[in-house]
Amino acid sequence: MNLERPDPFRPIGHDLGVARDGAAVRLAAMTPDAAAVLGPGLAAIDPWARVSYAGDAMTRFLSASEPGAVRYAITVDAGVAGALVVRNPWLHGPYLNLIGLLPPFHGRGVGSLALRWMEAEARGRSRNLWLCVSEFNVAARHLYEREGYVLAGRLDSLVFDGLTELLMRKRLA
């Protein structure tokens with residue numbers, strides 16, 4: 001493990017590259033203004049809409065501060081596009097607590113850029129990357145599989161009765 005690099009997942013700005021359409025993609029520390037835009041926007045789409053997760057609850061979650069969890073706003077050409085929340089450490093590696101993009105930013109490669117950045121930050125420091133995805137969230141599952149995540153386990157009724165979460169892992173070591 002490389003101990004000379006600074007700690008990963010610091011709440012500072014990070015350039016992620018460019019989306020498929022050439023737009024600049026960046027991470028920035030989550031701000032109350034970004035959380036206020038993202039909370040209702042993310043709550044209105046699956047998986048959160050399916051479980052009736054309220055916009056104000058999402059805004060509070062994105063605005064929260066807690067040890068071991070870093071919250072980022074994802075920007076595309078300087079406009080707020082989504083959120084990324086990383087918990088570190090987890091099981092010998094970081095856990096992707098949340099990634100969500102507002103609908104105009106779907107299908108542009110932004111999610112892949114964020115996942116690859118997370119991997120680059122963890123590589124050389126961690127053995128694994130982890131995430132959970134709702135079984136019904138087929139588009140997200142396909143993204144994670146394309147990025148090299150594999151099923152590690154099924155968690156029935158973890159968050160809500162009758163819904164299954166899939167624990168996925170990407171081995172780095």
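Reader: In which strand is the place of S134?

Author: Strands (E, at least two residues) and helices (H or I, at least four) are DSSP runs numbered from the N terminus, and S134 lies in strand β6. This is a predicted model, in which local features need pLDDT of at least 70, side-chain atom pairs count only at pLDDT 80 or more, and totals for chains, interfaces and linings use all residues. Residues are numbered from 1 along each chain as its sequence is written, and side-chain values use heavy atoms, with hydrogens and water left out.

Reader: Is S134 buried or exposed?

Author: A residue is called buried under 20% relative accessible area, exposed over 50%, and partly exposed in between (1.4 Å probe, protein chains only). S134 has 10% relative accessibility and therefore counts as buried. Strand β6, residues 128–134, is mostly covered, with 6 of its 7 residues buried.

Reader: Which residues is S134 in contact with, leaving aside its neighbours within four places in sequence?

Author: Contact means heavy atoms within 4.5 Å. With those neighbours set aside, S134 touches P47, R141, T164 and E165.

Reader: In which sense do strands β5 and β6 pair?

Author: Two strands pair if DSSP finds at least two bridges between them. Strand β5, residues 95–101, pairs with β6 in the parallel sense over 2 bridges. L131 in β6 is the bridge partner of L96.

Reader: How should I read V80, which lies in strand β4?

Author: Strand β4 spans residues 79–87. V80 has a relative accessible area of 28%, so this residue is partly exposed. Apart from neighbours within four places in sequence, the contacts of V80 are A34, V37, L38, I74, T75, L102 and F105. The C-alpha atoms of V80 and L27 are 9.7 Å apart, although 53 residues separate the two along the chain.

Reader: How many helices and strands are there in the protein chain?

Author: The protein chain has 4 helices and 8 strands. Along the sequence, their pattern is β-β-α-α-β-β-β-α-β-α-β-β. The radius of gyration, taken over C-alpha atoms, is compared with a globule rule of 2.2 Å times the number of residues to the power 0.38. For the protein chain this radius is 15 Å, close to the 16 Å that the rule gives for 173 residues, so the chain is as compact as a globular protein of that length.

Reader: What percentage of the residues in the protein chain is buried?

Author: Buried residues account for 47% of the 173 residues. Among contacts between residues at least 6 apart in sequence, 58% join residues at least 24 apart.
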